[in-house]
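Please look over the sequence and the structure shown here. A short briefing follows.

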Amino acid sequence: MKHTKIAELLKSDHFLQDFTAKGWVRAFRSNRFIALNDGSTINNLQCVLDFENTPEEILNEINIGAAISVTGTLKESEGKGQRVEIEVKNIEILGKANPEEVKKTILSPKRHTLEKLREQAHLRVRTNTFSAVMRVRSQLSFAVHQYFNQNGFNYVNTPIITGSDAEGAGEMFKVTNFDLNNAPKNEDGSINYKEDFFGKEANLTVSGQLEGETYALGLGQIYTFGPTFRAENSNTSRHLAEFWMIEPEVAFCDLDGNMDLAEDFIKHVINHVLENCDDDLAFLEDRVIQEDKSKPQADRAPMALREKLRFIVDNNFKRVSYTEAIDILKNSKPNKKKKFNYIIEEWGADLQSEHERYLVEKHFNCPVILFDYPANIKAFYMRLNEDGKTVRAMDILFPGIGEIVGGSQREERLDVLQTKMQELGVDEKELWWYLDTRRFGTCVHSGFGLGFERLVLFATGMTNIRDVIPYPRTPKNAEF
């Protein structure tokens, strides 16, 4: 008999009909009640066993972590905690799990720290927390593609291996096929990259933006959604060496249109998980509430998880210039009383997460889009304003997290772009192809970047970015 997903069985009204379910044992009580989970839902299916007529060798193999198949009659449950249950007629052990070995793993039925779960990342998706996180992640990913497809965007796969540094940060992973113990050298002792696989220095990409721009200036509107890499030696809860980026680029679109697009997009994907992940969100919400009980009041989440997500969907994003934001922050109580870790003293300061959260959570009490930042703290490709000191950049700020989106109207004027590249030491020869887009049919165009893991972090209420990606890559850690 074809097996049925547990998520479907839990919603089914086809009582007194026989079904087959397959999954992993989460619990086995009184030699009679099996809690079965197959990953399709956070909720378990109760399977009621006639233990008196079940061979002892089978009973001995129904252990936590074992994979089993049960066939039986779907009935309304007489017990508390579940609407339906399966009265088992036949049970088959598909994959054994030695209980003594299980005790050494995170499959054992006790509370484990998130750090312990990371040590066994290959098993952590079998826990409630990580199965919920990964289902939400999957739905968010679907919603990303759904939004852009419905709005006429073309999906473009930009290179993972690149010769350019889009951010100008220099913190990139090198790609080579050289024997690192015997790499060819130039006369001055430097590495001779002309003999390398690509005939030049190559790296893993930090962004698909520059290549994305070239395709937007032919297809009109495109988006990328792929892996990006940063060799930043940062071991914080907000950084990964490998993560996924969503980067739309749109021709004939100015900064106002870019802000409209970003707000509409974010509301769509968050609304999608509110509508499709309620069981998982309810579990994750309760998890945050329980975790917060051990924290000081000031460190607790200001809103319950689903309330926070509805806060984003239901509120218009407040648009505020960087200059206005600096004035607000300079005159704020935390700044005057020196409660900020980074005191705002003058225009031109690079805002920190504490400043961004103050604007969202205390001053405006809604999501905020900051725009027109100082040129000297932003990238070379952002359009210079007429004042000569600010650029058409924008950041979207969320409660509890600060910046979640960064974008800009791109500099479409060839002469201005070349001047900025010269000032910042960006090699025109390396980006000759990028400059060509300003030589042949240049136009106003804009785009933004959204770190997907940052979005998953926000949507799930998790606090460490390593817990929202299947296998985190961080300094000194490339396990699994």
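Which residue in β15 does Met 394 stand opposite? Met 394 stands opposite Gly 407. The model is predicted: local features need pLDDT of at least 70, side-chain atom pairs count only at pLDDT 80 or more, and totals for chains, interfaces and linings use all residues. Residues are numbered from 1 along each chain as its sequence is written, and side-chain values use heavy atoms, with hydrogens and water left out.

**Sheet**
- Strands (E, at least two residues) and helices (H or I, at least four) are DSSP runs numbered from the N terminus.
- An open sheet with mixed pairing is formed by eight strands, in the order β6-β10-β11-β16-β15-β14-β13-β12.
- Its edge strands, β6 (154–155) and β12 (318–321), each pair on one side only.
- Two strands pair if DSSP finds at least two bridges between them.
- β14 (residues 390–398) pairs with β15 (residues 402–409) in the antiparallel sense, over six bridges.

**Helix α10 and helix α12**
- The axes (lines fitted to C-alpha atoms over the stretch in contact, with angles from 0 to 180 degrees between N-to-C directions) of α10 (residues 322–330) and α12 (residues 353–364) come within 11 Å and cross at roughly 80°.
- α10 is therefore roughly perpendicular to α12 (angles of 65 to 115 degrees).
- In contact (heavy atoms within 4.5 Å) are Ala 325, Ile 328 and Leu 329 of α10 with His 355, Tyr 358, Leu 359, His 363 and Phe 364 of α12.

Notes. Angles under 35 degrees count as roughly parallel, over 145 as roughly antiparallel, 65 to 115 as roughly perpendicular and the rest as oblique.
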